[in-house]
Amino acid sequence: MNKFLLSISSGIILALGWPTYGFPILLFFAFVPLLIAEHQLRLSEEKRKGLKIFGLSYLTFLIWNAITTSWLRFADPFGAGFAVFVNSALMALIFLIYHKYAKRQSQNRSLLFLVVLWISFEKLHLGWEFSWPWLNLGNGFSEYISWIQWYEYTGTFGGTLWVWILNVLLFKGVLFYQKEKSKLVLKSLLLKCAGLIIVPIIVSLGIYSTYSHEGETVNVIALQPNIDPYSEKYNMTNLKFAELFFELSNSKITDSTDFVIAPETFLAESTRLKQFNNSLLKNKFDRYVLEHPNVNLLTGISFYDMFNDKSKIRKETNVYKFTPNTWYDDYNSALLINRSDSVQQYNKSKLVVGVENFPYQDILKPIIGDFMIDLGGTIAMKTTQDYRGVFTSSNSKYKAAPIICYESVYGEFVTGYVRNEANFLAIITNDAWWNVTQGHKQHLSYAKLRAVETRRDIVRSANTGISAIINAKGDITSSLAYGEKGALSGQLVTNDKITFYVMAGDYIARISIFILIFVGLIGFFRRKKEQL
């Protein structure tokens, strides 16, 4: 078979299996053509096999990345190109390492190595400074949430493992059938694969149909101001946005409203942190709370803190270029204002690469200077915090997880809020950078995974949409369409119970890393004993 066409086939199948338009069953055999191409090349007499394997796999992953995440170009073409080309190269590198390993080891050991290597790569993509886990395979089932209710035990790595088990079985079946031409073996393989697909889905449907939890009812309003971030958002004062906040919330607010939630950086005009409590802006919100004493106001805001004390400098601190010996910390924050005396603040801690953080500054800054990859937003380094802050309502019954934008893509990260006693999740985001594309749709879809993993209801406030209410089973119960200005009211039910995944986190990935080290050491330092 033509190895070039096999490579293209894998890329197209992966793309056609991806949310929000795709059918995830395709993911179960998407890697098979590429695995066949690698196997054929490995057994051939061709030269420069490693380079060819990298090229073929790079083509596969370039197609997948380009089709599924090309919406990044609406924020910045260079940033989109960087994300697509570099992520494709990293994925291709995984297959090159597998190819080198498979030349030395048995088929079964090599395929085990590939599976744990890929899972370990996905785990790396969650934690390093060039983090971009958008295409982690477990995310691929986000539109078929009733199939994966068992994510409350495994997280998305359970989905990744599921995909790879099926791909490995089908690949081995294809090789065996090519060798033996046995229809009986083929039928047995298909039945086995069908069982491995159907049984987890049946188990999930059973969980889905019976799941329920009891808790306090939270009456929420999610604001959707529909502000263009390119022409309006950063040209209006915070006082103007405060008026918009009150206008939108007044359209839905009642005496029973518990939370009004506005999107990420809704108050976009940078505010000096130490001056906020005595500002006219804070006074306006305080007066609104006096009119509605039961309400808790949760909103995104841009803060900064300037200082001259060198001892306060952190890795994420910025130099203020206009005044000597002056530095500042820049925050993408969420804050909660209610009738209590203190304002609760949380600082975004999972940052967008290149626009909110500068990865590996010691290495890259001497090469590219202060140049940043613009994926939409500001270009100052954002200052983070090392714990997941939880906002407590004025009556102490409700504990909201203030999840800011990109943070909602990280499963284990979100469990930190729940371990800190959050009983519902509040996602605030600005998805307007990518226009009417798959970007905002996928971002909303991934939020449903967090609901299942943590069994927490979600309220989502997005600048241009899609704002939504999501229940603990991952169902969207109500929403505001993209581009629609308004306020969405609804009810959540709190939950104080902890899922297994919240307790254990990404244990599948950690086990995979252990197996990878063990199998890798055996494979690269010990010659194979059997032929493929």
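In which hand does α2 cross α7, right or left? The crossing of α2 past α7 is right-handed, meaning that the near helix is turned clockwise from the far one by less than a right angle. The model is predicted: local features need pLDDT of at least 70, side-chain atom pairs count only at pLDDT 80 or more, and totals for chains, interfaces and linings use all residues. Residues are numbered from 1 along each chain as its sequence is written, and side-chain values use heavy atoms, without hydrogens and water.

Helix α2 (residues 32–43) packs on helix α7 (residues 156–180) at about 50°, with axes 9 Å apart. Axes are lines fitted to C-alpha atoms over the stretch in contact, and angles run from 0 to 180 degrees between N-to-C directions. Helices are DSSP runs (H or I, at least four residues), numbered from the N terminus. From α2, V32, L35, I36 and H39 meet α7 residues including W164 and F171; contact means heavy atoms within 4.5 Å.

The largest nonpolar core holds 116 residues. Such a core joins buried Ala, Val, Leu, Ile, Met, Phe, Trp, Tyr and Cys residues through side-chain atoms within 4.5 Å; buried means under 20% relative accessible area (1.4 Å probe, protein chains only). F31, F61, W64, F95, W118 and W164 touch the most other members. Helix α5 (residues 107–127) contributes the most, 10 residues. A second, separate core of 27 residues includes I221 and F303.

Two peptide bonds are cis: P19 to T20, with omega near 10°, and G465 to I466, with omega about 5°. T20 is in the loop between α1 (3–16) and α2.

Technical notes
Buried means under 20% relative accessible area, exposed over 50%, partly exposed in between (1.4 Å probe, protein chains only). Helices (H or I, at least four residues) and strands (E, at least two) are DSSP runs, numbered from the N terminus.
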